[in-house]
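Subject: Structure for you to look at

Hello,

Here is the structure I said I would pass on. My notes on it follow below the display.

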Amino acid sequence: MTPRQVLDMASEKGIKVVDLRFVDFLGLWQHFSVPICELSEASIEGGFGFDGSSIRGWQPINASDMLVVPDPSTAQIDPFMQIPTLVLIGDVIDPITRKPYSRAPRNIAKKAEAYLKNTGIGDTAYFGPEAEFFIFDDVRFDNSSNGCFYEVDSLEGIWNTGRDECPNLGYKPRHKEGYFPVPPMDKFQDLRSEMLTTLQQVGVDVECQHHEVATAGQAEIDMRFKPLVKMGDNLMWFKYVLKNVAYRNGRTVTFMPKPLFGDNGSGMHTHISIWKDGQPVFSGNKYAGFSDIGLYSIGGILKHCRAICAFSNPSTNSYKRLVPGFEAPVNLAYSSRNRSAAVRIPMYFPSPGAKRLEFRTPDPSCNGYLAFSAMLMAILDGIENKIDPGEPLDKDIYGLPPEELASIPSAPGSLEEAIEALKEDHEFLLKGDVFTQDVIDMWIDYKTEHEINAVRLRPHPYEFYLYFDV
């Protein structure tokens, strides 16, 4: 879509407000709005100013002026606003140099796509994330110097089987049994379908929706694969739509990976393939129908997984899900069909075009632009350096004897471990100036100061249970 076509669309739809959106360093959508009279071909090309010092991890106050330049191809009508509102996703640039801002995640994703083309390995990288989430009816939490608590609740929660609900009609999924009985056990079919159809309204192609394994409304809606930057945009729409559909129905959605103790957490299994001249480069006659290039790509993911986790599993809560011996794929091995491996080669469809790897470690708390870019850079490093992934592991990894399991590397056990891995292993991210050293340093500093240390310094409620009487 051209700037002229955006203006024609706005006129045809009776648009009164233009909402300009961009993603911050950590992955939240930010926005400000202008009246439709401020939108012109010149303003679309020239951009709109904002204060970059007020965005987390961005500019100092003495260099705060920044521009967001709308991408006309992203134009969509917001499905939630009462006033007809046109949404444009923008790229952040420096107003002095007119160059893309190095810490803007969408700019990093664009550079990753450009680097792929420059390598000659392929021209398109497709990403298909399966982002899981929880639908809750109530959430409360607080933190102070002398106390803290959290409590979430759901009509579906198995802990509510004894609650007086005037009347309590039962049908609440037991722990780890939410995948996936029909209603009335599944209480959220219509709500998920409303999310699905609203996603379609804003141009996000959806493949399916269903309840997930955990009790209390865990769910999954799968988007159809798209190129890297487009999928980054779609993941932002995905989170926005799901939260707002839930909100207008008196519920709330969280992409926090592990909000419940004793049940499954939310992952974001990510399907990845590379194509060149309309042909899938991962397809071949090696293991599971993969090519040498496909196997090298797995080698890159496995080699750099611990560093990738700093972006793909970027919260302290992420590592409540990534615990060895439980449901999450923490073991750095690959296999066909075996869902206990960090990398799986799906075998649903035998056609060459369906050949892709599935990276199962990530979770949906991530900034998609950064996480997908890091995955692609690891894959390209694996291909360029012909990194051998080793032999596949088709056994149930969780059932291996300790001596055999000890030989399999593991994903980080904490955000601190992931950040340390990133410190030691980030040269592959710097190729093509995709991630700059400044981006890596700021990510490490921000995560350490604002999250790792902030959690480390606070007493945990369970510590009172364990230690108050010592």
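In H3, the buried residues (under 20% relative accessible area, with exposed meaning over 50% and partly exposed in between, for a 1.4 Å probe and protein chains only) are Pro-105, Arg-106, Asn-107, Ile-108, Ala-109, Ala-112, Tyr-115 and Leu-116. Please note that this is a predicted model, in which local features need pLDDT of at least 70 and side-chain atom pairs count only at pLDDT 80 or more, while totals for chains, interfaces and linings use all residues. Residues are numbered from 1 along each chain as its sequence is written, and side-chain values use heavy atoms, with hydrogens and water left out.

H3 covers residues 105-119, and its 15 residues should span 21 Å at 1.5 Å a residue; the expected span is 1.5 Å times one less than the number of residues. The end C-alpha atoms of H3 are 21 Å apart, which agrees. After H3 comes Gly-120, with a positive phi near 80 degrees.

The axis of H3 comes within 8 Å of the axis of helix H5 (residues 228-248), and the two cross at roughly 155 degrees. Axes here are lines fitted to C-alpha atoms, for helices over the stretch in contact, and angles run from 0 to 180 degrees between N-to-C directions. H3 is therefore roughly antiparallel to H5 (angles over 145 degrees count as roughly antiparallel, under 35 as roughly parallel, 65 to 115 as roughly perpendicular and the rest as oblique). On the H3 side, Arg-106, Ala-109, Lys-110, Ala-112 and Glu-113 meet Leu-228, Val-229 and Asp-233 of H5, where contact means heavy atoms within 4.5 Å. By class, this contact of H3 with H5 has four nonpolar, no polar and four charged residues. In that count, Ala, Val, Leu, Ile, Met, Phe, Trp, Tyr, Cys and Pro are nonpolar, Asp, Glu, Lys and Arg are charged, and the others, Gly among them, are polar.

Of the 21 residues of H5, 16 are buried, so H5 is largely enclosed by the rest of the structure. At 1.5 Å a residue H5 should span 30 Å, and its end C-alpha atoms are 30 Å apart, which agrees. H5 is followed by Gly-250, whose phi is positive, near 75 degrees. Gly-250 lies in the loop between H5 and E13 and counts as exposed, at 53% relative accessibility. From Gly-250 to Gly-267 there are 17 residues in sequence and 25 Å in space, C-alpha to C-alpha.

H4 has 13 residues and should span 18 Å; its end C-alpha atoms are 19 Å apart, which agrees. Its buried residues are Leu-191, Arg-192, Met-195, Leu-196, Thr-198 and Leu-199. These pack against strand E7 (124-136), strand E10 (206-211), strand E11 (218-223), H5 and strand E13 (252-254). Just after H4, Gly-203 has a positive phi of about 85 degrees.

**The loop between E9 and H4**

This loop lies between strand E9 (147-153) and helix H4 (189-201), and Pro-167 is found in it. The peptide bond from Cys-166 to Pro-167 is cis, with omega near 0 degrees. Cys-166 has a positive phi of about 55 degrees although it is not a glycine, and Cys-166 is exposed, with a relative accessible area of 66%. Pro-184, found in this loop too, is joined to Pro-183 by a cis peptide bond with omega of about 10 degrees. Lys-176, also in the loop, has a positive phi of about 65 degrees and counts as partly exposed at 44% relative accessibility.

The largest nonpolar core has 122 residues, and Trp-58, Phe-133, Met-195, Phe-238, Leu-242, Ile-274 and Phe-435 touch the most other members. Such a core is a set of buried Ala, Val, Leu, Ile, Met, Phe, Trp, Tyr and Cys residues joined through side-chain atoms within 4.5 Å. Leaving out residues up to four places away in sequence, Phe-133 touches Met-195, Phe-238 and Leu-242, among others.

Met-268 is in strand E14 (residues 268-276) and counts as buried, at 0% relative accessibility. The C-alpha atoms of Met-268 and Glu-132 are 6.1 Å apart, though 136 residues separate them along the chain. Beyond four places in sequence, the contacts of Met-268 include Pro-129, Leu-235, Phe-359 and Phe-372.

Regards

Methods. Helix = DSSP H or I, 4+ residues; strand = E, 2+ residues; numbered from the N terminus.
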